Amino acid sequence: SFFGLTGQPDELARLARSMGAAYAERFDANDFRTIDHSTSIVLVDPAGRVVGSLPAPHDPARMLVSFAELRRHLGE
């Protein structure tokens with residue numbers, strides 16, 4: 001399952017740091033807001049622990065192998 005997160009800016013910044021993610025909020029000349037962010041997919045277990053990441057480029061076949069190896073490593 002996938003979950004989107006929301007919260008106060010300081011809470012999101014603390015969460016991102018704890019997961020090794022980086023992001024920056026930017027506004028253009030028309031005050032249009034964008035978010036630049038890291039491209040790794042962070043894998044979090046049901047207890048909320050970071051257990052791995054899938055770095056870019058996101059090749060589905062490579063990601064599947066990496067995910068299967070992580071599951072074996074974690075004993076699942």
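# A guided reading of the chain

Helix α2 is followed by Gly75, whose phi is positive, near 80°. The structure is a predicted model, in which local features need pLDDT of at least 70 and side-chain atom pairs count only at pLDDT 80 or more, while totals for chains, interfaces and linings use all residues. Residues are numbered from 1 along each chain as its sequence is written, and side-chain values use heavy atoms, with hydrogens and water left out.

The chain contains 2 helices and 4 strands. These elements are DSSP runs numbered from the N terminus: helices are H or I runs of at least four residues, and strands are E runs of at least two. Along the sequence their order is α-β-β-β-β-α.

The overall dimensions may be considered next. The radius of gyration of the chain is 15 Å, whereas a compact globule of 76 residues would have one near 11 Å. That radius is taken over C-alpha atoms, and the globule rule is 2.2 Å times the number of residues to the power 0.38. Taken along the principal axes, the C-alpha atoms fill a box of roughly 50 × 25 × 20 Å. Of the 76 residues, 8% are buried; here buried means under 20% relative accessible area, exposed means over 50%, and partly exposed lies in between, with a 1.4 Å probe and protein chains only. Contact means heavy atoms within 4.5 Å. Among contacts between residues at least 6 apart in sequence, 8% join residues at least 24 apart.

The chain has 8 positive and 10 negative charges, whose mean positions are 7 Å apart. Lys and Arg count as positive and Asp and Glu as negative, with His and the chain ends not counted; each charge is placed at NZ of Lys, CZ of Arg, CG of Asp or CD of Glu.

Helix α1 covers residues 9–18 and includes Ala16. Ala16 counts as buried because its relative accessible area is 10%. Leaving aside residues up to four places away in sequence, Ala16 touches Ala21 and Tyr23. His37 lies 21 residues from Ala16 in sequence, and their C-alpha atoms are 10.0 Å apart.

Gly20 belongs to the loop between α1 and β1. With a relative accessibility of 66%, Gly20 counts as exposed. From Gly20 to Leu64 there are 44 residues in sequence and 22 Å in space, C-alpha to C-alpha. Asp31 occurs in the loop between β1 (23–27) and β2 (33–37). Although Asp31 is not a glycine, its phi is positive, at about 65°. Asp31 is also exposed, since its relative accessibility is 58%.

Between β4 (50–54) and α2 is the loop that holds Pro57. A cis peptide bond, with omega about 0°, joins Ala56 and Pro57.

Helix α2 consists of 14 residues, 60–73, and spans 20 Å from its first C-alpha to its last, close to the 20 Å expected at 1.5 Å a residue. The expected span is 1.5 Å times one less than the number of residues. Leu70 is in helix α2 and, at a relative accessible area of 15%, is buried. Not counting residues up to four places away in sequence, Leu70 touches Leu43, Val51 and Gly52. Leu70 and Val51 are 19 residues apart along the chain, with 8.2 Å between their C-alpha atoms.
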